[in-house]
Amino acid sequence: MAIIRLNVNGIVHEKEMDPHMPLLWVLRDILGLTGTKFGCGIAQCGACTVLVDGKAVRSCSIRVQSAVDKDIETIEGVEATPFRSLQQAWIDEQVPQCGYCQSGQLMNAIGFLKSNPNPTDEEILNAMSGNICRCGTYPRILKAIQSVVEQSSKNTGI
């Protein structure tokens, strides 16, 4: 056990924990941020996707010690960012069905749009292909991301 300091959604947390614990369990069980979901546990489905220093990572497969001194963003923090427009697009396009994978889908989309704010449809599909949705909402996810990209191109950005 060690005292570990994490910056999650702009809030610094300092807690005693096993440094080898997967980041997912720290977020859910220690910090109470249950929006990030456990899917497969082997980084294959994307339900546990969060951003670490702006990049999408599978929180089930990285140790918490590797997230120290980095900015961690979870679905709970999106509302306070410019990417809340993506959440609204998700609602407008009625993307969620069962909803289980949606926080991971949104975090992956945000990470992607941070690195590529003006993607093609093919780039969106490629970027989102690693996140699995058993309800098959992929066309709606594409439409939601396209609508935000179109809107941001009309404005000054996302």
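**Strands, loops and a pocket in a predicted model**

Me: Does D53 count as buried, partly exposed or exposed?
Reply: The relative accessibility of D53 is 44%. Buried requires under 20% and exposed over 50%. Because its value lies in between, D53 counts as partly exposed.

Me: What is the phi of D53?
Reply: D53 is not a glycine, although its phi is positive. The value for D53 is about 50°.

Me: In what order do the five strands of the open sheet lie?
Reply: The pairing in this sheet is mixed. From one strand to the next the twist averages 40°. The five strands form the open sheet in the order 2-1-5-3-4.

Me: What angle does the direction of helix 3 make with that of strand 3?
Reply: Helix 3 (residues 102–115) packs on the sheet. The strands touched by helix 3 are strand 3, strand 4 and strand 5 (71–73). Its direction and that of strand 3 make an angle of about 35°.

Me: Is T49 buried or exposed?
Reply: T49 lies in strand 3, and its contacts beyond the neighbours within four places in sequence include A56, S103, M107 and N131. The relative accessible area of T49 is 2%. The limit for a buried residue is under 20%, so T49 is buried.

Me: With which side chain does the side chain of T49 make a polar contact?
Reply: A polar atom of the T49 side chain lies 2.7 Å from the backbone oxygen of G46. The side-chain partner, at 3.3 Å, is R58.

Me: How many bridges join strand 1 and strand 2?
Reply: Strand 1 (residues 2–8) and strand 2 pair in the antiparallel sense. One of the pairs joins I3 to E16 in strand 2. The number of bridges between strand 1 and strand 2 is seven.

Me: Which residue takes a positive phi in the hairpin of strand 1 and strand 2?
Reply: This hairpin has two residues between the strands.

Me: What is the volume of the largest pocket?
Reply: The largest pocket is lined by 15 residues, of which N9, G10, E73, G77 and T81 lie nearest its centre. Strand 5 and helix 3 are the elements that give two or more residues to the lining. The volume of the largest pocket is about 170 Å³.

Me: Is T137 buried or exposed?
Reply: T137 is found in the loop between helix 4 (121–128) and helix 5 (138–154). Apart from neighbours within four places in sequence, T137 is in contact with V95, Q97 and Q102. Its relative accessible area is 3%, and since buried means under 20%, T137 is buried.

Key: Residues numbered from 1 in each chain as written. Predicted model: local features only at pLDDT ≥ 70, side-chain atom pairs only at ≥ 80, totals over all residues. Heavy atoms only, no water. Pairing = 2+ DSSP bridges. Helix = DSSP H or I, 4+ residues; strand = E, 2+ residues; numbered from the N terminus. Axes fitted to C-alpha atoms, helices over the stretch in contact; angles between N-to-C directions. Contact = heavy atoms within 4.5 Å. Buried < 20%, exposed > 50% of the residue type's maximum accessible area, 1.4 Å probe, protein only. Polar contact = N/O pair within 3.5 Å; in protein donor to acceptor, adjacent residues only side chain to side chain. 1 Å grid on protein atoms, 1.4 Å probe; cavity = no way out; pocket = protein on both sides within 12 Å on 5 of 7 lines; lining within 4 Å. Points joined across faces, edges and corners; volume = space filled by probe spheres on them.
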